[in-house]
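Hi everyone, thanks for making time. Let me put the model on the screen, and then we can walk through how its parts meet.

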Amino acid sequence: MSWPQKITIQLKVKKCIADTFNNFFTSCAEKLREQGSYTPVNKADFSNLSKFVKNKLHKHEKFSIPPVNMNELFNELAKLDINKASGMDNIGPKILRLSAPFIASPLTYIFNRMIDTGIYPSLLKNAKVTPVFKDGDKLLATNYRPISVLPTLSKLIEKHVSNKMYKYLSKLKLLHPTQSGFRPQHSCQTALINIIDNGCKK
């Protein structure tokens, strides 16, 4: 077998493996939907939530994404972890951090255009997916879980939106006191402690 033929076979095998993982990972959500392995939203609960939110909101307090501030963006660029992986664009956090003084201004303009127009570039939505082995038979795709890495630029604009929305929800007190997962001093540990404390009181 010639060298070009070997290379062709290797590429076909790698493509087959990638397609197998891709088909499995993208089909998981649909299988859960078909099996009914999810908790449907209770209409009564949704109605109560809707009333709660409406009582907190006023017409002039609708949320809109504020523009990106160049100084804030520069600080975020300067804090990037250079050891993190790059996404599909292959623009790593190291080069973004080093070039922060030169790209902060044009990036601010680009991000604000995205906010103004409501158009989010498709390329920033593409993730680099790596299958990570859990346990069992290594030849079965079901024994792997996906790790997705988005472009660093995508994370920057997402962080801006997340921070502003969190401040908005906090200001109007729309977050439950025990809401955990993304709030300072409200980790999984504090949630577990609350559950244990409430259980002991009963």
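Leaving out residues up to four places away in sequence, L107 touches L73, L77 and L153, where contact means heavy atoms within 4.5 Å. A quick word on what you're seeing: this is a predicted model, with local features needing pLDDT of at least 70, side-chain atom pairs counting only at pLDDT 80 or more, and totals for chains, interfaces and linings using all residues. Residues are numbered from 1 along each chain as its sequence is written, and side-chain values use heavy atoms, with hydrogens and water left out.

Now the overall layout. The chain has 7 helices and 2 strands, and along the sequence they run α-α-α-α-α-β-β-α-α. Helices (H or I, at least four residues) and strands (E, at least two) are DSSP runs, numbered from the N terminus. Of the 202 residues in the chain, 20% are buried; buried means under 20% relative accessible area, exposed over 50%, and partly exposed in between, with a 1.4 Å probe and protein chains only.

Back to L107, then. Which residues touch the most other members of the largest nonpolar core? They are L73, L77, L107, F111, L153 and L156, out of 14 residues in that core. By nonpolar core I mean a set of buried Ala, Val, Leu, Ile, Met, Phe, Trp, Tyr and Cys residues joined through side-chain atoms within 4.5 Å. Helices α3, α5 (100-117) and α6 each supply at least two residues of this core, and α5 gives the largest share, 5 residues. There is also a second, separate core of 5 residues, including F24, F25, A141 and Y144. As a general point, nonpolar side chains tend to be buried together in soluble globular proteins.

Next, how do the helices pack? The axes of α5 and α6 come within 11 Å and cross at roughly 60°. Axes here are lines fitted to C-alpha atoms, for helices over the stretch in contact, and angles run from 0 to 180 degrees between N-to-C directions. That angle makes α5 oblique to α6: under 35 degrees is roughly parallel, over 145 roughly antiparallel, 65 to 115 roughly perpendicular, and the rest oblique. On the α5 side, L107, F111, M114 and I115 meet L153, L156, I157 and H160 of α6. By class, this contact has 7 nonpolar residues, 1 polar and no charged. For the classes, Ala, Val, Leu, Ile, Met, Phe, Trp, Tyr, Cys and Pro count as nonpolar, Asp, Glu, Lys and Arg as charged, and the others, Gly among them, as polar.

Now look at α3 with α6 (residues 152-171): their axes also come within 11 Å, but cross at roughly 120°. That makes α3 oblique to α6. Here E72, L73, E76 and L77 of α3 make the contact with L156, K159 and K164 of α6. The class count for this contact is 3 nonpolar, no polar and 4 charged residues.

Finally, two loop residues. Beyond its neighbours within four places in sequence, S86 contacts I91, G92, K128 and V149.

The other one is N143, in the loop between β1 (128-133) and β2 (144-149). N143 is buried too, with a relative accessible area of 15%. With neighbours within four places set aside, N143 is in contact with V132, F133, K134, D135, G136 and D137.
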